Amino acid sequence: MRLRIGGLTPLTTIDFPGHLAAVVFCQGCAWRCAYCHNPHLLAVGDDGEGWPRLRDFLSSRRGLLDGVVFSGGEPLFQSGLADAMEGVKSMGFKVALHTAGTHPGRLRRLLPLLDWVGLDIKTSFEHYPQLTGVAGSGGKARQSLALLLESGVDHEVRTTANTNLFDRNSLLALAEELATLGVSRYVLQQCRPVEDRYPLAQGEAAIFFRDRLLLEQLGAMFPSFVARQA
Ligand code: SF4
């Protein structure tokens, strides 16, 4: 099986809730978000021989890890992801996915294998092309969200609170739309500047997190709401 890996974190306690896990950073992504934190992963440069390395690593972690998180880049970019996940499951580990929902068709086929999904909803669906540079990307994210909600797979839906994309009202409007679509666990996460490439004004990254009323309003929309600061 072909798996293109750009990096591996041997242990995380926060990327797969309730589990000790390793994180596999997959190479490649079809989108080009301005604030991407892993631009070095967007190009596909690996030889595709990542599976033997991952398998050997996991063989040495039996009994020490509960699961594996496939993150990126964008894991759904890789057509060999299902085989890699099946391989991980066959070794007795659980599987989690961090995704922006770029390929809903692939997500549909993966859902039966998944134990947990973190789905990024980046902005209102109609504004996606401005952020990702890709026409139709909002429709793909929306379709992936619908598939995830229908699947019953444990998950969280999260939005990066980016002040270059949102003001208070547009953030509330997106949250309202997500609540109407059936999202029950919603996470607002703080945007981090990316050195010279994506600066944020001093204090700006935390602006939504200081707004107690906003956080209360968001909290009232969902059965579970988390404000996650960096
Ligand atoms: S979807 Fe994720 S990996 Fe792809 S460019 Fe956007 S932030 Fe980066």
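This is a predicted model: local features need pLDDT of at least 70, side-chain atom pairs count only at pLDDT 80 or more; totals for chains, interfaces and linings use all residues.
Colleague: Which strands stand at the edges of the open sheet of eight strands?
Modeller: The eight strands of this open sheet follow the order β1-β2-β3-β4-β5-β6-β7-β8, and their pairing is mixed. A strand with a single partner has one side left without a neighbour in the sheet, and this applies to the two strands at the edges, β1 (5-12) and β8 (224-228).

Colleague: What is the average twist from one strand to the next?
Modeller: The strands concerned are those of the open sheet, β1 to β8 in that order. From one strand to the next, the twist averages 20 degrees.

Colleague: How many bridges join β6 to strand β7?
Modeller: On one side, β6 pairs with β5 (residues 116-120) in the parallel sense over four bridges, and there V117 stands opposite H155 of β6. With β7 (residues 185-190) β6 also runs parallel, and T160 has Q189 of β7 as its bridge partner. The number of bridges joining β6 to β7 is five.

Colleague: Is β6 largely enclosed by the rest of the structure or largely open, and how many of its residues are buried?
Modeller: A residue counts as buried if 20 or more other C-beta atoms lie within 10 Å of its own. Helix α5 (residues 137-151) lies across β5 and β6, running at about 155 degrees to β5. Strand β6 is largely enclosed by the rest of the structure, because the number of its seven residues that are buried is five.

Colleague: How are α6 and α7 oriented to each other?
Modeller: Helices α6 and α7 (residues 212-221) pack with their axes 10 Å apart, at an angle of about 10 degrees. The contact is made by R168, L172, A175, E176 and A179 of α6 together with L214, Q217, L218 and M221 of α7, and these residues divide into six nonpolar, one polar and two charged. Angles under 35 degrees count as roughly parallel, and the two helices are therefore roughly parallel.

Colleague: How many of the residues in the shell around the ligand are nonpolar?
Modeller: The residues around the ligand are C29, W31, R32, C33, C36, N38, L42, G72, G73, E74 and A100. By class, this shell has two charged and three polar residues, and the number of nonpolar residues is six.

Definitions and conventions
Residues are numbered from 1 along each chain as its sequence is written. Two strands pair if DSSP finds at least two bridges between them. Axes are lines fitted to C-alpha atoms, for helices over the stretch in contact, and angles run from 0 to 180 degrees between N-to-C directions. Two residues are in contact if their C-beta atoms, placed from the backbone, lie within 7 Å. A residue is near a molecule or strand if its C-beta atom, placed from the backbone, lies within 6 Å of it. Ala, Val, Leu, Ile, Met, Phe, Trp, Tyr, Cys and Pro count as nonpolar, Asp, Glu, Lys and Arg as charged, and the others, Gly among them, as polar. Angles under 35 degrees count as roughly parallel, over 145 as roughly antiparallel, 65 to 115 as roughly perpendicular and the rest as oblique. A residue is buried if 20 or more other C-beta atoms lie within 10 Å of its own, exposed if 12 or fewer, and partly exposed in between; C-beta atoms are placed from the backbone.
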